[in-house]
Every structure is written in C-alpha cells, then in structure tokens.
Amino acid sequence: MLCRLLNIGFIPEITVRMDVFLVAETKLPLLAVCGNTDPGEGKANVDEFITLAGQRIWLTHGHRYLHGYQVSELAWWARKLEADIVVFGHTHVPLVKWFGDVLLVNPGSPVLPRSEMGATFAVLTVKEGERPEAELYKL
C-alpha cells in the first residue's frame with residue numbers, strides 16, 4: 001500500500017509544525033501546495049499532480065480556480081487537466097462529492113475551520129481497479 005500525507009495550503013507556523021510532527025510519526029512522504037495567504041508563495045507549488053493506483057490526483061489549494069466558491073468549477077478544471085481526483089482547500093469547508101467521474105475532496109481545516117463540523121481532516125483511499133473513496137474526520 002502506498003501512503004502519502006497531503007497538505008493543500010495554508011502553511012503558517014502551526015501547520016508547518018503539524019506537518020513535521022506527522023511526517024516524523026508516520027514516516028510517510030509529504031506533498032504540499034501553497035495557498036493564497038501562505039507567506040512566500042514559491043516555497044511550494046500552487047498545483048501538484050501525482051498518480052496513485054492508476055488515479056491521477058490533482059492537489060491544489062484552489063484559490064486560482066474557485067470563482068464564486070462554485071466547487072463544480074474544480075470538476076471542470078479537473079477534466080481539462082485530466083485529473084480523476086481533486087484534493088483542494090481554500091474554502092476550509094469539508095466536502096467529499098462526485099461530479100460525474102471526478103471526485104472532489106476538501107478535508108476542511110484542522111487550524112481554521114469554517115463549518116459546523118469544526119476542525120477536520122480527510123482520508124483518501126485509492127486502490128488499483130476500485131473506485132476511490134474519501135472520508136472526513138473530526139478532530
């Protein structure tokens with residue numbers, strides 16, 4: 001099984017410490033992108049693409065693609081960019097939703113949540129030959 005830690009932006013000092021802790025505890029590789037309020041944009045890319053178990057995953061904060069906070073826009077971009085799954089942030093509102101053949105996953109935020117669920121994170125499960133799944137968890 002291949003596992004990764006994904007950070008989709010908002011990289012203040014507390015999030016960096018959390019990432020360092022998670023990497024140390026889990027020994028998993030971290031892939032991070034920067035968001036619109038991250039200091040020193042350029043320390044991480046705005047978009048990253050990885051392929052796991054045959055699924056092309058687009059990791060983005062989403063601020064360059066979400067106009068009017070319509071998450072369906074990300075599904076449109078995913079099709080253009082040939083991504084099967086979009087893991088994004090920006091709204092800080094947790095979401096797991098299929099738009100046709102594209103899975104959108106927003107883990108919410110463990111640091112600055114903006115939903116009634118409070119602080120959240122998500123676990124994305126991708127297995128060869130199976131439909132991807134994502135689950136939201138409250139902290």
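Q: How many aromatic pairs does the count come to?

A: This model is a predicted one. Rings of Phe, Tyr and Trp pair if their centres lie within 6.5 Å. By this rule, 5 aromatic pairs are counted. In one of them, the ring centres of Trp58 and Tyr65 are 4.9 Å apart and the planes stand at 85°, so this pair is edge-to-face.

Q: Which other pair is formed by Tyr65, and at what angle between the planes?

A: Tyr65 also forms an edge-to-face aromatic pair with Trp77, at 5.3 Å centre to centre and with 70° between the planes. This pair links distant parts of the chain, 12 residues apart. Tyr65 lies in the loop between β4 (55-60) and α2 (72-80), whereas Trp77 belongs to helix α2.

Q: Which residues form one aromatic cluster?

A: The cluster is made up of Phe49, Trp58, Tyr65, Trp76 and Trp77.

Q: Is Tyr65 buried or exposed?

A: Here a cut-off is needed: buried means under 20% relative accessible area, and exposed means over 50%. Tyr65 has a relative accessibility of 11%, and therefore counts as buried. Trp58 is buried as well. Trp77, in contrast, has a relative accessible area of 31%, so this residue is partly exposed.

Q: What is the share of buried residues in the protein chain?

A: The protein chain has 139 residues, of which 39% count as buried. Its accessible surface comes to about 7,900 Å², and 55% of that area belongs to carbon and sulfur atoms.

Q: Which residues make a nonpolar surface patch?

A: Phe121, Val123, Tyr137 and Leu139 make such a patch, with an area of about 350 Å². Val123 is found in strand β8, which covers residues 120-125. Because its relative accessible area is 37%, Val123 is classed as partly exposed.

Q: Where does the charged end of Arg131 sit?

A: The charged end of Arg131 sits over the ring of Trp98, at 3.7 Å from the ring centre.

Q: How many helices and strands does the protein chain have?

A: There are 2 helices and 9 strands in the protein chain. Along the sequence, their pattern reads β-α-β-β-β-α-β-β-β-β-β.

Q: What share of the contacts between residues at least 6 apart in sequence joins residues at least 24 apart?

A: In the protein chain, 45% of those contacts join residues at least 24 apart.

Notes. Residues numbered from 1 in each chain as written. Predicted model: local features only at pLDDT ≥ 70, side-chain atom pairs only at ≥ 80, totals over all residues. Heavy atoms only, no water. Patch = residues over 30% accessible without salt bridge, like charges linked within 9 Å, V, L, I, M, F, W, Y side chains within 5 Å. Areas by Shrake-Rupley, 256 points an atom, 1.4 Å probe, with all protein chains shown as cover. Salt bridge = Lys/Arg side-chain N within 4 Å of Asp/Glu carboxyl O. Helix = DSSP H or I, 4+ residues; strand = E, 2+ residues; numbered from the N terminus. Buried < 20%, exposed > 50% of the residue type's maximum accessible area, 1.4 Å probe, protein only. Phe/Tyr/Trp six-rings, centres within 6.5 Å; stacked < 30°, edge-to-face > 60°. Lys NZ or Arg CZ within 6 Å of the ring centre and 35° of its normal. Contact = heavy atoms within 4.5 Å.
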